[in-house]
Amino acid sequence: MECHFVTGGAGFIGSCYVLHARKNGIKVVNLDKLTYAGNLDNLKDLAEDPDYTFVHGGIENEELVAWILKSYEPSVVINFAAESHVDRSIVDPESFVKTNVLGTATLLRVVKDWWKSLSPCEANKLRFLHVSTDEVFGTLGQNDLPFTETTPYSPNSPYSASKAASDHLVRAFYETYGLPIFLTNCSNNYGPRQFPEKLIPLVILNALQEKTLPVYGTGSNIRDWLHVEDHCEAISCVLNRGELGSSYNIGGRAERTNLEIVQLICSILDEKCPRTSESYSNLIRFVADRPGHDFRYAIDCSKIEAELGWTPRFGLAAGLRSTISWYLEHSDWVQNIQTGAYKSWLQTNYGFRNKRV
Ligand code: NAD
Ligand code: TYD
């Protein structure tokens with residue numbers, strides 16, 4: 001049976017990919033350090049699955065990575081492991097460099113050494129896919145054309161700078177050693193099991209708890225949104241049909257301002273579980289902006305559509321509706337995630353944002 005070695009598989013996107021791979025009969029070994037963002041509840045449906053293995057540890061642990069490669073002989077390695085939140089990267093940039101840059105460098109080197117030790121027939125089968133973000137391209141103006149695969153990198157946050165560095169390392173391993181890599185740059189994901197530090201789950205959970213809904217600045221910044229299951233499907237397409245050494249942009253063709261997203265969530269909640277007399281939108285508050293806040297991200301995903309035949313299945317409104325239903329139906333997941341550490345992050349990130357603009 002084919003085996004995929006997934007890193008960061010206890011996080012939001014990685015766990016969706018692990019579930020997707022198991023549904024498709026692929027054996028999975030998942031290496032995850034279980035930082036605040038890693039959550040074994042995300043994979044509790046696989047607790048009894050003999051073809052799924054969880055290994056607790058970091059991508060920077062070379063002995064552990066080498067042991068997994070030797071023991072499981074995967075044909076695919078997918079690197080989801082990362083520090084992934086821009087606001088945290090502003091508070092603590094070094095931990096982003098440690099995991100996203102140094103961790104990826106170690107993972108690449110250990111995979112490369114193992115791959116070199118394989119017979120030509122086995123070595124030919126290996127694929128290394130690095131999961132990255134559209135944020136490496138920097139920011140767009142209102143009328144600029146969307147990012148393509150050839151847009152120069154111009155990252156603005158410690159998060160996107162660390163992801164850009166890791167992308168460059170991945171390309172360098174292809175050019176220098178011939179390691180068979182793919183790179184994917186995806187827009188903002190949403191869906192079930194997303195840690196509620198990111199905009200969409202934060203707004204859903206704050207609203208349900210009658211807390212204010214913090215919108216940075218004027219709410220006019222624009223993001224492109226993609227359902228996480230569409231992202232995982234795109235990763236499978238790249239693995240199955242992509243051109244080695246290439247990068248693929250993945251996006252939802254669903255650009256919205258942050259205020260539009262928050263208002264859409266409020267209107268769905270108004271229907272699904274109305275407050276007594278007023279709309280959830282009355283909880284919206286404009287708060288101090290994020291420093292270096294990228295104005296707009298937009299993805300031109302025509303390459304993956306034309307070359308690999310991928311298109312998103314979820315429209316934004318339907319995707320948000322089903323996401324909100326998931327959070328409403330998983331109150332245990334929600335309760336378990338709102339730990340002391342989560343509350344202390346809310347204090348760090350929102351405590352000082354009391355200014356209305
Ligand atoms: P996440 O923060 O939800 O999950 C990250 C996972 O990585 C967690 O399970 C964490 O425990 C694990 N991890 C962190 N450091 C590790 C280490 N040193 N070794 C092993 N595991 C470690 O992130 P996510 O939203 O699922 O993002 C996954 C990947 O996709 C990231 O590389 C991110 O940059 C990229 N990405 C995310 C988005 C998005 O909108 N969330 C969009 C495009 C790309
Ligand atoms: P986020 O989900 O953190 O993703 P990213 O910064 O990677 O795009 O934020 C999405 C957008 O929402 C971004 O423009 C910042 C904004 N935002 C708010 O307005 N309020 C919030 O509380 C958060 C977390 C984000």
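A residue is termed buried when its relative accessible area is under 20%, exposed when over 50% and partly exposed in between, with a 1.4 Å probe and protein chains only. By this scale Glu-210 is partly exposed, because its relative accessible area is 44%. The structure is a predicted model, in which local features need pLDDT of at least 70 and side-chain atom pairs count only at pLDDT 80 or more, while totals for chains, interfaces and linings use all residues. Residues are numbered from 1 along each chain as its sequence is written, chains are lettered from A and ligands numbered from 1 in the order in which they are written, and side-chain values use heavy atoms, with hydrogens and water left out.

Glu-210 lies in the loop between α7 (199-208) and β8 (213-216); helices (H or I, at least four residues) and strands (E, at least two) are DSSP runs, numbered from the N terminus. The phi angle of Glu-210 is near 60 degrees, a positive value in a residue other than glycine. Most residues other than glycine have a negative phi. A positive phi, near 45 degrees, is also found at Glu-73, which is placed in the loop between α2 (62-72) and β4 (76-79). Glu-73 counts as exposed because its relative accessibility is 59%.

Two further loop residues were examined. Gln-338, in the loop between α12 (331-337) and α13 (340-350), counts as buried because its relative accessibility is 16%. Its side chain makes a polar contact with the side chain of Gln-209 at 3.0 Å. A polar contact is a pair of N or O atoms within 3.5 Å; within protein, one must be able to donate a hydrogen and the other to accept it, and residues adjacent in sequence count only if both atoms are side-chain atoms. Cys-273 occupies the loop between α9 (258-272) and β12 (284-287) and counts as partly exposed, because its relative accessibility is 22%. The C-alpha atoms of Cys-273 and Gly-178 are separated by 54 Å, the two residues being 95 apart along the chain.

Ligand 1 has 30 residues around it, of which Ile-13, Asp-32, Ser-84, Tyr-159 and Lys-163 come nearest; a residue is near a molecule if one of its heavy atoms lies within 4 Å of it. By class, this shell has 12 nonpolar, 13 polar and 5 charged residues. Here Ala, Val, Leu, Ile, Met, Phe, Trp, Tyr, Cys and Pro count as nonpolar, Asp, Glu, Lys and Arg as charged, and the others, Gly among them, as polar. The largest share of the shell around ligand 1, 3 residues, is contributed by β5. A polar side-chain atom of Tyr-159 lies 2.7 Å from an oxygen atom of ligand 1. Polar backbone atoms also approach ligand oxygen atoms, at 3.0 Å for Thr-35 and at 3.1 Å for Phe-80. Of the 830 Å² of accessible area that ligand 1 has on its own, the protein covers 97%, with areas taken from the Shrake-Rupley method with a 1.4 Å probe; for residues, only the protein chains shown count as cover. Elements giving two or more residues to this shell are α1, β5 (127-133), α6 (158-177) and β7 (188-190).

Ligand 2 is surrounded by 17 residues, the closest being Glu-135, Arg-223, Arg-290, His-293 and Tyr-350. The shell divides into 8 nonpolar, 4 polar and 5 charged residues, and β8 supplies its largest share, 3 residues. Oxygen atoms of ligand 2 have polar side-chain atoms of Glu-135 at 2.5 Å and of His-293 at 2.7 Å, and a backbone N or O atom of Leu-199 at 2.8 Å. The protein covers 98% of the 510 Å² of accessible area that ligand 2 has on its own. Two or more residues of the shell come from each of α7 and β8.

A search of the whole structure finds 2 cavities of 30 Å³ or more. On a 1 Å grid over the protein atoms alone, a cavity is a set of points where a 1.4 Å probe fits but cannot get out, and a pocket is an open set with protein on both sides within 12 Å along at least five of seven lines; lining residues have an atom within 4 Å of a point. The second largest cavity holds about 40 Å³ of space, and its lining includes Arg-223, Arg-290 and His-293.

Conventions
Grid points are joined across faces, edges and corners, and a volume is the space filled by probe spheres set on the points.
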